[in-house]
Amino acid sequence: MTSDGSEAVRLQKFLSRSGVASRREAERMMADGRVRLNGEVVTEMGTRVRPGLDEVTLDGTVVRGAEERWVAFHKPPGILTTRSDPHGGQTVYDVLPEWCSGLRYVGRLDRDAEGLLLMTNAGGVAYGLQHPSREVERAYHVEVAGTVKREALAALTTGVELDDGLARARRVRDVVPGRVSSELTVVLTEGRKREVR
């Protein structure tokens, strides 16, 4: 704890929350000797900085600490939840304002999915929300072709084999059957890639 009541944080976390790099990128920058703390090059991981008291520079430019930020973004279909796409697809960072470039997404939605996506610079909280051990519930409203059979609904909660192992829904609710298409809400806690699909 510093004299002004603020808490000292690890330098790589400070850089990440300031929006200049991810924590891993910040660690590489430190290892490369690009980061200075109060004029001294810092390469040791775990070095702590006192926001508002210490001066941090990256390549000679002062890095300002950032307040914790959260953005609720309704991701439209066709937009990728990724930092960049080597195939030229449009990403969430392409459609959000420039000041959001330092934020990271909490979880992800597939290209064709739409819905609430949280963005933040609070990396530790974001990690906690996404880690499977926390079992944070995510509800997905899904429309599927045809009538959903009772056996298919049961399989969602007992488990469906995916490329990376068994995936199961915590529960399925609000089932609206139809001949052409059916609607249901699937509640998941793992947030694995392509799990909803």
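This is a short talk on the fold, surface and confidence of one protein model.

Hi everyone, thanks for coming. Please keep in mind that what you see above is a predicted model. The average pLDDT is 87, and 95% of the residues reach at least 70. The stretch to watch is residues 1-5, where pLDDT stays under 50. For that stretch the model has 7 contacts beyond four places in sequence. Where pLDDT is low, the coordinates should not be read in detail.

Now the overall architecture. The protein has 14 strands along with 5 helices. Why do we call it more spread out than a compact globule? Its radius of gyration is 21 Å, while the globule rule gives 16 Å for 197 residues, so the protein is well over that value. You can also see this subject in the C-alpha trace, which spans about 70 × 35 × 30 Å along its principal axes.

What about the inside? Of the 197 residues, 35% count as buried. Taking contacts with a separation of 6 or more, 54% come from residues 24 or more positions apart.

For a local example, let's zoom in on helix 4, residues 123-130. Which of its residues are buried? They are Gly123, Ala126 and Gly128. The buried residues of this helix pack against helix 2 (23-31), strand 8 (104-106) and strand 9 (115-120).

Technical notes: Residues are numbered from 1 along each chain as its sequence is written. This is a predicted model: local features need pLDDT of at least 70, side-chain atom pairs count only at pLDDT 80 or more; totals for chains, interfaces and linings use all residues. Side-chain values use heavy atoms; hydrogens and water are left out. Helices (H or I, at least four residues) and strands (E, at least two) are DSSP runs, numbered from the N terminus. The radius of gyration is taken over C-alpha atoms; the globule rule is 2.2 Å times the number of residues to the power 0.38. Buried means under 20% relative accessible area, exposed over 50%, partly exposed in between (1.4 Å probe, protein chains only). Contact means heavy atoms within 4.5 Å. pLDDT is the predictor's confidence in each residue, from 0 to 100.
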